[in-house]
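The following exercises ask you to read a structural model with care. Each task is followed by a solution that goes step by step.

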Amino acid sequence: MALLHLDPLPRNATPGEVLRFVAGTAGVDGKKVGKITLLGTAARVEVPDAAAAKAVAALDGATFRERPVRARLTAAPKSDVAHFAHLA
């Protein structure tokens, strides 16, 4: 799964609204969208790798509640194990 970063979103946006926005605007099947994490005025959304580039192109500049949204791919979080292993 690829990780999309969307911002700025309204502070009171819900995961359901973000799911409808991604599915409706990017044409990604809502059942294939993974975890949605809301981070204040931003969100991270997991989408299938095959649909990631198309989703970014469709969502970047699209409007969510009459506000333009920036969309970009972000790197998947790295495992903490490797991070702490090199500190020992």
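Predicted model: local features only at pLDDT ≥ 70, side-chain atom pairs only at ≥ 80, totals over all residues.

**Exercise 1.** Describe the overall architecture of the protein and the share of its residues that is buried.

Solution. Begin with the inventory of secondary structure, which comprises three helices and six strands. Reading along the sequence then gives the order β-α-β-β-α-β-β-β-α. Next, turn to burial: of the 88 residues in the protein, 34% are buried. For the surface, the protein exposes about 5,500 Å², and carbon and sulfur atoms supply 56% of that area. Finally, consider the contacts with a separation of 6 or more, of which 69% are accounted for by residues 24 or more positions apart.

**Exercise 2.** Find the salt bridges that involve Asp 7, and state which parts of the chain they link.

Solution. A search of the whole structure finds three salt bridges. One of them joins Arg 70 to Asp 7, with the closest N and O atoms 2.2 Å apart. This pair links distant parts of the chain, since Arg 70 belongs to strand E6 (residues 70-74) and Asp 7 to strand E1 (residues 2-7), 63 residues apart. Another joins Arg 72 to Asp 7, where the closest N and O atoms are 3.1 Å apart. Here too the link runs between strand E6 and strand E1, with Arg 72 and Asp 7 65 residues apart.

**Exercise 3.** Which parts of the chain does the salt bridge between Arg 65 and Glu 17 tie together?

Solution. Start from the geometry, in which the closest N and O atoms of Arg 65 and Glu 17 are 2.6 Å apart. Arg 65 lies in the loop between strand E4 (63-64) and strand E5 (67-68), while Glu 17 lies in helix H1 (residues 15-26), so the pair ties together parts that are 48 residues apart in sequence. Both ends can then be classified: Arg 65 counts as partly exposed at 37%, and Glu 17 counts as partly exposed at 21%. To complete the search, note that salt bridges with shared partners join Asp 7, Arg 70 and Arg 72 into one network.

**Exercise 4.** How are the rings of Phe 21 and Phe 64 arranged?

Solution. The search of the whole structure finds one aromatic pair. It is formed by Phe 21 and Phe 64, whose centres are 5.2 Å apart and whose planes are at 75° to each other, an edge-to-face arrangement. Since Phe 21 lies in helix H1 and Phe 64 in strand E4, the pair ties together parts that are 43 residues apart in sequence. Phe 21 counts as buried at 7% relative accessibility, and Phe 64 counts as buried at 6%.

Methods. Residues numbered from 1 in each chain as written. Heavy atoms only, no water. Helix = DSSP H or I, 4+ residues; strand = E, 2+ residues; numbered from the N terminus. Buried < 20%, exposed > 50% of the residue type's maximum accessible area, 1.4 Å probe, protein only. Contact = heavy atoms within 4.5 Å. Areas by Shrake-Rupley, 256 points an atom, 1.4 Å probe, with all protein chains shown as cover. Salt bridge = Lys/Arg side-chain N within 4 Å of Asp/Glu carboxyl O. Phe/Tyr/Trp six-rings, centres within 6.5 Å; stacked < 30°, edge-to-face > 60°.
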